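Q: Could we go through how some of the helices pack in this model?

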Amino acid sequence: MPEPRIEHPGDAIVRVTRSCICGSDLHLFHGLVPDTRVGSTFGHEFCGVVEEVGPAVRNLKVGDAVLVPFNIFCGTCWFCERELYSNCHNVNPEATAVGGIYGYSHTTGGYAGGQAERVRVPMADIGPTVIPEDISLDDAVLLTDAFPTGYQAAEMGDIRENDTVVVFGAGPVGIFAAKSAWLLGAGRVIVVDEVDYRLDFVRRFAHCETVNFRDVRDMAVHLKKMTDGLGPDVCIDAVGAEASGSALQRLTGVHLMLQAGAATVLHWAINSVRKGGTVSIVGVYGPTFNAVPIGNALNKGLTLRMNQASVKRHLPRLIEHVRAGRVKPSEVITHRIPLEHVADAYHIFSSKLDGCIKTVLTMPSAR
């Protein structure tokens, strides 16, 4: 790939020091996100050092260590003024829904991502945050997406004191959603997955109950039996398009691509949550169609909340949680793999080999 260069006075060039593989990257990797073009550079979770700034940049200088939220946003449009940074109106000419995202296909603007040695960072005065000296790089890189997305998943659940919260998915985002549910006042947290080592990990990290859905015949019935017949107060979808658990959903949503991903977890969440409860969705689905039981949601009086996380809005609070020792994001990192072996890294992460929870790609200049 050619070296990135300043293309606009507000750009910066960042030398990457840490970059992660996200579960959302696997949707690209498996061909489930439209308009993912040959030659694209993946990666929306990264931090690094500023090497060059455009003439209009005022808040950053060469040498600053920065974490870069996965959202690209202008900071001034109607949506940014309301801190809906993931829905910025000025940075993605390819869509009117989502804003810009690094390394996530041309449906999110076609920006090059951070699984590289260097990356062009647009709107450099707005997005990047200088890493505080008391925050490690390993913690900082988890603040670019995984921790904020998990936190927003819990926040969108409108959790009240002593609520029962069910998180579907024990990947990094689900793990952080479970941890965040406690921070927001939950009285009980249950995580659902099919991989035993991931369930073991989330039990240790988030001190929650777990359910292996392979041992469950009917998810809605099972969760209602666990919650006095009512259902949980909040259900969080931290899985998205590649959910297992239904052969029909996998066939139509993953293999045949007749819908925008397997909607298994959406069915489980809507059918399990109590009447009047809340379903929070941060799992990624491709545009535009999914077979979702919206009639059940209507008749149960549910609140459905969903979005890509607006990372910048959460950073002050999450940095304080890290400083106070309530959460150590880097504890989810299980694998460090050199950038030049990124294909192996994707294979390990995608196939859930070697107890992999979260993979960090190490850069030649940062070793």
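This is a predicted model: local features need pLDDT of at least 70, side-chain atom pairs count only at pLDDT 80 or more; totals for chains, interfaces and linings use all residues.

Q: At what angle do the axes of H4 and H5 cross?
A: The axes of H4, residues 146-156, and H5, residues 172-183, cross at roughly 50° and come within 7 Å.

Q: Which residues of H4 and H5 make the contact?
A: H4 contributes Ala146, Phe147, Thr149, Gly150, Tyr151, Ala153 and Ala154, while H5 contributes Val173, Phe176, Ala177, Ser180 and Ala181.

Q: And how many residues of that H4 and H5 contact are nonpolar, polar or charged?
A: Nine are nonpolar, three are polar and no charged residue takes part in the contact of H4 with H5.

Q: Is the crossing of H5 and H6 right-handed or left-handed?
A: H5 and H6 cross in a right-handed manner. Their axes come within 10 Å, with a crossing angle of roughly 30°. Angles under 35 degrees count as roughly parallel, and H5 and H6 are therefore roughly parallel to each other.

Q: Which residues of H5 and H6 meet?
A: From H5 there are Ile175, Phe176, Ala178, Lys179 and Trp182, and from H6 there are Phe201, Val202, Phe205 and Ala206. The contact of H5 with H6 comprises eight nonpolar residues, no polar residues and one charged residue.

Q: Staying with H6, which of its residues are buried?
A: In H6, residues 196-206, the buried residues are Arg198, Leu199, Phe201, Val202, Phe205 and Ala206. Viewed down the axis of H6, these buried residues lie within an arc of 160°, so they line one face of the helix.

Q: What covers the buried residues of H6?
A: The cover includes H5, strand E9 (188-193) and strand E10 (209-212).

Q: Turning to H8, which residues are buried and which are exposed?
A: Gln249, Thr252, Gly253 and Val254 are the buried residues of H8, which spans residues 247-255. They fall within an arc of 165° when seen down the axis of H8, so they line one face of the helix. Ala247, Leu248 and His255 are exposed on the other side of H8.

Q: What do the buried residues of H8 pack against?
A: They pack against helix H9 (264-272).

Note on methods
Residues are numbered from 1 along each chain as its sequence is written. Side-chain values use heavy atoms; hydrogens and water are left out. Axes are lines fitted to C-alpha atoms, for helices over the stretch in contact, and angles run from 0 to 180 degrees between N-to-C directions. Helices (H or I, at least four residues) and strands (E, at least two) are DSSP runs, numbered from the N terminus. Contact means heavy atoms within 4.5 Å. Ala, Val, Leu, Ile, Met, Phe, Trp, Tyr, Cys and Pro count as nonpolar, Asp, Glu, Lys and Arg as charged, and the others, Gly among them, as polar. Buried means under 20% relative accessible area, exposed over 50%, partly exposed in between (1.4 Å probe, protein chains only). The arc is that of the directions from the helix axis to the C-beta atoms. Angles under 35 degrees count as roughly parallel, over 145 as roughly antiparallel, 65 to 115 as roughly perpendicular and the rest as oblique. A crossing is left-handed if the near helix is turned anticlockwise from the far one by less than a right angle, and right-handed if clockwise.
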